[in-house]
Amino acid sequence: MGREREATKVAYTVEQLVAFNRYNPDILPDLENYVNDQVSSQTYSLDANLCLLRLYQFEPDKMSSQIVARILVKALMAMPAPDFSLCLFLIPERVQMEEQFKTLIVLSHYLETGRFRQFWDEAAKSRHIVEAVPGFEQAIQGYAVHVLSLTYQKIPRTVLAEAINIEGLSLDKFLEHQVANSGWVIEKSQGRGQVIVLPRNEFNDPALKKNAADSVPLEHITRIFPILS
């Protein structure tokens, strides 16, 4: 409990610094420490991280590549939010050309385009970057499931395994959890192994999409008629 109270106190202090001293370079050490705190506690503050990146623009000699890399990894973990692009916009192009940042940009591109197999292959080559931030793999798996659930009503087990980079017994346990908690259903398809039935939503099932006319209140339509006449 004491550690939880301490973490809350630190977060509150940083929020105050960002709110009232966001252009004061004296808060750089506090913001850098807060990035490390986000990593260790598996929390996240986009506002504080953007503030730090802005300060680095005014104090380029004080920029820490390690801190910037951790900010970008945390931003990747926040997908589908556009946090990675927001952070990258504040990082000088010469810094982006460093190898670790080029790798993170490639990883971002693979995620944005749903190329999960390529993502996991590239991430495996850069474990020293992504594994420095706990929870990275689980966050990306969650994003992959999000993308699949918006795209498909049914997917073969092999497609899911490739997207979330899990196989065998680990995948069995993952599926058991999803069946119990997320409404997934597992079917056996002749000649294709297991097929996962995902819950229907307005994105993967056109029948659930509302017609544009249905979403316009009647009073709005009646107001248009006099205008048209």
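Two strands pair if DSSP finds at least two bridges between them. I take helices (H or I, at least four residues) and strands (E, at least two) as DSSP runs, numbered from the N terminus.

**Ground rules.** I am working with a predicted model, in which local features need pLDDT of at least 70, side-chain atom pairs count only at pLDDT 80 or more, and totals for chains, interfaces and linings use all residues. Residues are numbered from 1 along each chain as its sequence is written, and side-chain values use heavy atoms, with hydrogens and water left out.

**Strands.** I began with E2 (residues 185-189), which pairs with E3 in the antiparallel sense over five bridges. Next I looked up E1 (residues 154-156) and found it joined to E3 (residues 193-197) by three bridges, again with an antiparallel run. Which residue of E3 is the bridge partner of Lys 154? I found Val 197 there. Val 197 is also the bridge partner in E3 of Val 185.

**H4 and H7.** I turned to helix H4 (residues 65-77) and helix H7 (residues 99-112), whose axes come within 11 Å and cross at roughly 5°. Axes here are lines fitted to C-alpha atoms, for helices over the stretch in contact, and angles run from 0 to 180 degrees between N-to-C directions. That crossing makes H4 roughly parallel to H7; angles under 35 degrees count as roughly parallel, over 145 as roughly antiparallel, 65 to 115 as roughly perpendicular and the rest as oblique. For the contact (heavy atoms within 4.5 Å), I noted Val 68, Leu 72 and Leu 76 among the H4 residues, and Phe 101, Leu 104 and Leu 111 among those of H7. I sorted the residues of this contact into nine nonpolar, three polar and no charged. Ala, Val, Leu, Ile, Met, Phe, Trp, Tyr, Cys and Pro count as nonpolar, Asp, Glu, Lys and Arg as charged, and the others, Gly among them, as polar.

**Ile 71.** I stayed in helix H4 to look up Ile 71. Buried or exposed? Ile 71 is buried, with a relative accessible area of 1% (buried means under 20%, exposed over 50%, partly exposed in between, with a 1.4 Å probe and protein chains only). Leaving out residues up to four places away in sequence, I found Ile 71 touching Val 35, Asn 49, Leu 52, Leu 53 and Cys 87.

**H11 and H12.** Last, I checked helix H11 (residues 157-164) against helix H12 (residues 168-181): their axes come within 11 Å and cross at roughly 100°. H11 and H12 are therefore roughly perpendicular to each other.
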